Amino acid sequence: MASYGQGDIAAPKTGVEKRSRTRLVILTLLAIGTMINYLDRTVLGIAAPQLSADLGIGAATMGIVFSAFAWTYAAMQIPGGIFLDRFGNKITYALALFFWSAFTLFHGLTMGLKTLLLCRLGLGISEAPCFPVNSRVVGKWFPQHERARATAVYTVGEYIGLAAFAPLLFFIMETFGWRTLFITVGIAGILFVLVWWRFYHEPHESKTANQLELEYIGHDRKEAEPEPKMNFSWANVAKLVKCRQILGAGIGQFAGNTTLVFFLTWFPTYLATERHMPWLKVGFFAILPFLAAAVGVMFGGWVSDQILKRTGSVNIARKLPIIAGLLMASLIISANWMPTDALVISVMSVAFFGQGMVGLGWTLISDMAPKNLAGLTGGLFNFCSNLASIITPLIIGFIVAATGNFFYALVYIGGAALLGVLSYVFILGDIKRIELDD
């Protein structure tokens with residue numbers, strides 16, 4: 001993994017203590033956890049054709065099944081943020097990881113539409129605290145000038161996992177059936193709970209972070225104490241909702257998530273039905289846009305920190321890459337007129353590369369969240385952005401059921417990306433720490 005900051009360069013052997021790199025271990029945990037998180041929520045997209053045939057589920061109903069995860073996922077963002085602020089990162093993430101992995105495993109045991117919907121609803125509840133935890137951890141373990149790259153590293157887990165494991169997952173499904181697919185991924189997540197519990201610590205609890213690293217990230221072991229437990233207040237929710245920064249960032253992330261949700265749910269079906277690709281070909285071509293998105297995530301984080309370093313402007317450094325990414329995501333509309341599969345995949349890869357850059361939005365929350373309310377702020381932000389996870393699968397499902405093709409579905413996705421551009425330009429305002437009045 002790449003080094004962070006000039007101070008991480010090995011010092012000459014003069015007996016001078018070198019700064020430790022415990023934050024990179026923490027970042028690795030977040031990246032692996034995020035990869036498992038997205039494998040668990042999106043493996044249904046791979047299993048959908050076989051599963052829907054076995055259970056007799058049509059396109060419109062499958063859209064509801066895809067969407068069901070997001071009903072509880074969005075609804076639990078604020079409660080999840082409250083729980084996070086009350087019990088902290090380690091306990092919250094361990095419980096979430098265990099239960100979302102268990103619900104993934106239960107997908108493999110479902111016998112019909114009702115039990116499948118219950119599994120999706122349970123998965124949404126369990127996964128709700130994941131990204132607020134990620135944002136909160138980055139805010140604690142990384143100084144501001146490293147947060148964009150840190151966010152990019154854990155966010156890339158969303159795409160690398162699917163890109164790296166897609167051929168294996170398609171092989172498992174073709175060889176052993178869709179039920180084995182869910183059971184395998186669920187067991188992997190349960191095992192990772194043990195790894196998280198063993199290696200994650202807060203900065204003031206860490207035995208491997210030395211004083212130089214703690215000072216670098218803004219902590220002092222001599223002064224650091226556990227944060228006070230925050231009691232929930234609807235007044236704080238109301239104050240955050242009224243902040244233009246939260247509203248603007250939420251709309252922008254909603255726009256980016258619209259593109260993301262398409263790739264996580266309907267994309268394999270699009271290739272198989274609209275482009276008439278055989279499943280082995282789908283498994284290969286599905287990798288390419290996810291690899292492009294992974295590169296987009298890393299590029300967005302890198303360029304943001306470079307702009308911040310050179311200009312000193314947080315507004316330019318955070319906004320410009322996201323706006324550029326949303327503009328690229330809007331190009332997905334042009335896939336409707338591409339005559340060959342290669343051109344379609346090229347357009348999809350450019351669009352998903354741009355969407356990857358939008359993942360930088362979580363860095364904004366690390367920069368803007370009021371002290372001691374990072375969980376609640378992240379929950380509100382993720383609630384806004386994940387309304388796309390509810391709406392997008394339903395709209396696409398109904399469009400495909402009504403028209404028999406994806407033409408207007410791609411128009412909707414590209415239009416949402418342009419809405420995000422307008423939000424960042426006209427609503428977001430200055431990126432700075434939000435101070436709530438007492």
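In the predicted model, arginine 275 and aspartate 341 form a salt bridge in which the closest N and O atoms are 3.2 Å apart. This pair connects distant parts of the chain, 66 residues apart: arginine 275 belongs to the loop between helix H13 (267-274) and helix H14 (279-285), while aspartate 341 belongs to helix H17 (residues 341-358). Arginine 275 and aspartate 341 are both buried.

Across the whole structure, six salt bridges are found. One of them joins aspartate 85 to arginine 136, with an N to O distance of 3.6 Å. Here, too, distant parts of the chain are linked, since aspartate 85 is placed in helix H3 (residues 77-87) and arginine 136 in helix H6 (residues 130-141), 51 residues apart. Both of these residues, aspartate 85 and arginine 136, are buried.

A further salt bridge is formed by aspartate 305 and arginine 318, whose closest N and O atoms are 3.3 Å apart. Aspartate 305 is part of helix H15 (residues 287-311) and arginine 318 is part of helix H16 (residues 314-329), so the pair ties together parts that are 13 residues apart in sequence. Aspartate 305 has a relative accessible area of 4% and is therefore buried; arginine 318, at 0% relative accessibility, also counts as buried. Together with Arg149, the residues Asp305 and Arg318 are linked in a network of salt bridges.

Aromatic side chains were examined next. The count comes to 24 aromatic pairs. Among them, phenylalanine 69 and tyrosine 73 are stacked, with 5.0 Å centre to centre and 25° between the planes. These two residues are separated by about one helical turn because they are four residues apart in helix H2 (residues 59-75). Phenylalanine 69 counts as buried at 4% relative accessibility, and tyrosine 73 counts as buried at 1%. The ring centres of tyrosine 93 and tryptophan 196 are 4.5 Å apart and their planes lie at 35°, so this pair is tilted. Because tyrosine 93 lies in helix H4 (residues 89-107) and tryptophan 196 in helix H9 (residues 178-199), the pair ties together parts that are 103 residues apart in sequence. Tyrosine 93 and tryptophan 196 are both buried. One aromatic cluster includes Phe66, Phe262, Trp266, Tyr270 and Phe406.

Charged side chains also lie over aromatic rings. Arginine 19 is positioned over the face of tyrosine 216, 3.7 Å from the ring centre, and lysine 90 over the face of tryptophan 197, at 4.8 Å from the ring centre.

How values were computed
Residues are numbered from 1 along each chain as its sequence is written. This is a predicted model: local features need pLDDT of at least 70, side-chain atom pairs count only at pLDDT 80 or more; totals for chains, interfaces and linings use all residues. Side-chain values use heavy atoms; hydrogens and water are left out. Rings of Phe, Tyr and Trp (its six-membered ring) pair if their centres lie within 6.5 Å; planes under 30 degrees apart count as stacked, over 60 as edge-to-face and the rest as tilted. Buried means under 20% relative accessible area, exposed over 50%, partly exposed in between (1.4 Å probe, protein chains only). A charge sits over a ring if NZ of Lys or CZ of Arg is within 6 Å of the ring centre and within 35 degrees of the ring normal. A salt bridge is a side-chain nitrogen of Lys or Arg within 4 Å of a carboxyl oxygen of Asp or Glu.
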